[in-house]
Each structure stands twice: as C-alpha cells, then as structure tokens.
Amino acid sequence: MSEAFIKSAPKEPQNPCVTIGITCFFDTIKILDCLESLAGQTYQNLEVIVLYETLADESILDVISLAKEQFPTYQFVESDVNKSLGAAYNRLVELTTGEYFLQFAGDRIALPMMVEKFVTAACESDAVAVVCPDMTLDKDLEVINSNDGSLLKLLEFNQSRDLCALFAVELLREFRYSEVRDLLALNWHILAAAIAIGKEIAYYPYPLYLSDSHSAFVIDPAKIPKERYYLRQYLSQIEASRWTQRQLNLLLTCVEQLWQSETQKQSQMWQLEQDKNRYQALASQSQAWMQTALETQDELDSLQSQLQQAQAEIERLKAEQQQVQKPIGTR
C-alpha cells in the first residue's frame with residue numbers, strides 16, 4: 001500500500017536537459033522552418049544540435065550559414081560521416097549533454113509545448129522512451145498511430161516512416177543505432193530493444209509535431225522487407241538473459257502457434273490430397289460409366305437401325321405378296 005501511495009503521489013516538476021539532434025543530409029528546404037518551430041518551444045533546458053556534412057553542396061552550406069545567423073544558440077557541427085544515417089545518429093548521441101535525446105527530422109515542424117509534453121510523460125512514468133502518433137500535413141491531415149507495445153506486432157513491421165520518440169540517453173548509449181547503409185527505421189530498433197528487456201515506455205496519445213508526407217525519410221514499400229529483416233537482426237543481438245520472461249513467453253507462444261498452424265496446414269494438405277485422389281478415382285469411374293453408356297447407346301442405335309431395316313423389308317415383302325395374290329380380272 002505504501003508503495004502504491006508513493007507512486008500515486010504527485011511528483012515535483014522536473015527539468016532535465018533535452019537534446020534535439022537534427023541531421024541535415026537530405027531535405028534542406030524546410031530546415032529553417034524546423035529550427036524556427038524549435039525556437040518557439042517554451043522548455044527552458046533545451047539543447048539543439050544540427051549535424052551536416054562537410055562535403056555538402058553549396059546550397060546546403062548556404063542554408064547552414066543562414067541558420068547559424070538566425071539561431072546563434074544552436075550548435076552546428078560539421079561531420080564527415082558519409083556512411084549511414086545510423087552513424088550520424090550515433091555521432092549526435094555522443095555530442096549530447098542532455099539526459100534525454102530526441103532525433104528530429106529536418107522536415108518536421110514541432111507543435112507548441114512539444115518538449116514539455118514529452119518530458120512530462122517520461123518523468124511521470126519513469127519511462128526510457130516516449131512515443132506519439134505521427135501527423136502528416138498535406139491536403140488532408142493524416143494521423144499515423146505508433147506501435148501499441150506489442151513486440152510481435154512490431155516484428156511484422158509494415159511502417160511507412162521512422163518513429164519519432166524521446167529516448168533516455170543512457171538507453172541510446174547502451175543500444176547504439178544500427179549503422180547499416182540505407183536503413184531509415186532506426187528508432188524502431190531502439191523501441192523494440194526497450195520492449196524486449198522490459199523497460200518502461202510511455203505512449204502520448206496525441207501528435208506533437210507535423211511531418212512532411214513527401215519526406216525523404218518516407219520508407220519505400222519495396223524496402224520494407226529489408227527494414228523488417230534488420231529490425232529482427234538487431235533484436236537477435238540482445239542476450240537472451242536480458243529478455244523479460246513475458247516477451248519470451250509471447251515469442252514461445254507465437255512459435256507454438258506457428259508450429260500448430262503448420263501441423264494443421266500439413267493435415268489439411270494431406271486431406272486435400274486424399275480428396276483429390278478420391279475425386280480422380282470417381283472421375284475415372286464416371287468416365288468408364290460414360291464410355292459404357294456411349295457404347296450401349298451405339299449398340300441400341302445399331303439395333304434400332306437394323307429393326308427399322310427389317311420392318312422396311314417386311315413391308316416390302318407384304319406388298320409383293322399382295323401383288324401376287326391379286327385376282328386376274330376378266331375382259
């Protein structure tokens with residue numbers, strides 16, 4: 001009871017340092033709008049780091065130069081990271097001084113009080129990750145719901161874009177981002193790892209930012225199988241001893257269901273094969289009956305023809321007999 005009372009008691013407001021990391025590698029057209037939306041955040045203990053390529057073209061460098069003038073409190077870090085997006089994320093995590101890290105795409109627009117709501121959710125639930133739905137801004141608003149906490153559902157992975165989540169920095173330093181080239185669903189890896197080892201995760205029910213529906217971060221449907229494969233590979237690297245009993249039981253249940261479904265499938269296939277053989281036998285028998293019927297019909301037709309010929313012959317003979325028996329007339 002005392003523990004429940006302590007947990008339910010209101011907690012003192014917390015103000016941990018939050019680092020927002022932005023990679024300026026793809027779309028740069030909306031980066032200034034993104035930074036402007038972050039400048040409008042009212043959270044006081046906020047750090048913004050923008051990572052851009054040293055070998056970037058002049059248009060990107062011009063945008064970065066303008067951003068440095070407009071946002072002098074932000075950090076702009078040159079990087080020769082030209083390997084993968086995951087390597088860039090890991091570099092940002094190394095640079096962060098905050099307790100929480102939020103990877104934010106350069107084409108996203110933060111809604112008012114986004115950071116406060118992320119932090120409040122994390123602190124009140126002692127969560128290492130806070131996620132929220134993704135809302136795209138196009139002709140129509142579209143809300144894309146995030147994962148509901150089911151690891152089995154997450155392993156099916158059929159998402160169109162990466163997850164936006166506030167992560168505890170200690171979690172990101174334990175589970176580094178995958179540096180495989182061309183992967184975009186990197187935050188989903190971290191969330192899956194947190195679920196597997198039983199960490200607390202908070203789900204904020206409403207969107208906290210707007211996302212471009214034509215973003216370079218949108219996952220090509222043709223590449224979803226690759227994203228799904230590397231998500232599973234990422235989880236396979238976690239030691240089995242660290243998995244929670246609940247997640248292991250769920251996976252074992254899933255394996256059992258798959259085994260049962262395979263057994264049922266084999267049984268159904270065997271039954272279908274038996275039915276096929278029986279139908280083929282019936283078809284062969286029916287074909288034999290049909291052939292016999294056709295032959296019988298031919299014989300009947302032949303007999304009918306012979307009977308008709310015999311009747312015609314009889315009629316002819318009768319006619320001849322009547323002609324012979326006709327009396328001879330007198331003159």
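How many disulfides does the rule give for this chain? The count comes to zero. The model is a predicted one, and the cut-off behind the count is a pair of cysteine sulfur atoms within 2.5 Å. Cysteine 34 is in no disulfide, since the nearest cysteine sulfur belongs to cysteine 24 and lies 9.5 Å away. Cysteine 34 has 0% relative accessibility and therefore counts as buried. Cysteine 132 is likewise in no disulfide: its nearest cysteine sulfur is that of cysteine 164, at 5.6 Å. With a relative accessibility of 2%, cysteine 132 also counts as buried.

The chain as a whole comes next. The protein chain contains 10 helices and 11 strands. It has 331 residues, of which 39% count as buried. Among contacts with a separation of 6 or more, 83% are between residues 24 or more positions apart.

Strand β11 spans residues 209-212. Which residues of β11 are buried on each side? Tyr209 and Ser211 are buried on one side, and Leu210 and Asp212 are buried on the other, so both faces of the strand are covered. Side chains in a regular strand alternate between the two faces of the sheet.

Strand β11 has pairings with β5 and with β7. Strand β5, residues 109-110, pairs with β11 in the antiparallel sense over two bridges. Within that pairing, isoleucine 109 has leucine 210 as its bridge partner in β11. Strand β7, residues 134-137, runs parallel to β11 and is joined to it by three bridges. Here methionine 135 has leucine 210 as its bridge partner.

Which residues is methionine 114 in contact with, leaving aside its neighbours within four places in sequence? They are Ile20, Leu38, Gln41, Leu102, Phe104, Leu208 and Tyr209. Tyr209 belongs to strand β11, where it is buried.

Conventions
Residues numbered from 1 in each chain as written. Predicted model: local features only at pLDDT ≥ 70, side-chain atom pairs only at ≥ 80, totals over all residues. Heavy atoms only, no water. Buried < 20%, exposed > 50% of the residue type's maximum accessible area, 1.4 Å probe, protein only. Helix = DSSP H or I, 4+ residues; strand = E, 2+ residues; numbered from the N terminus. Contact = heavy atoms within 4.5 Å. Pairing = 2+ DSSP bridges.
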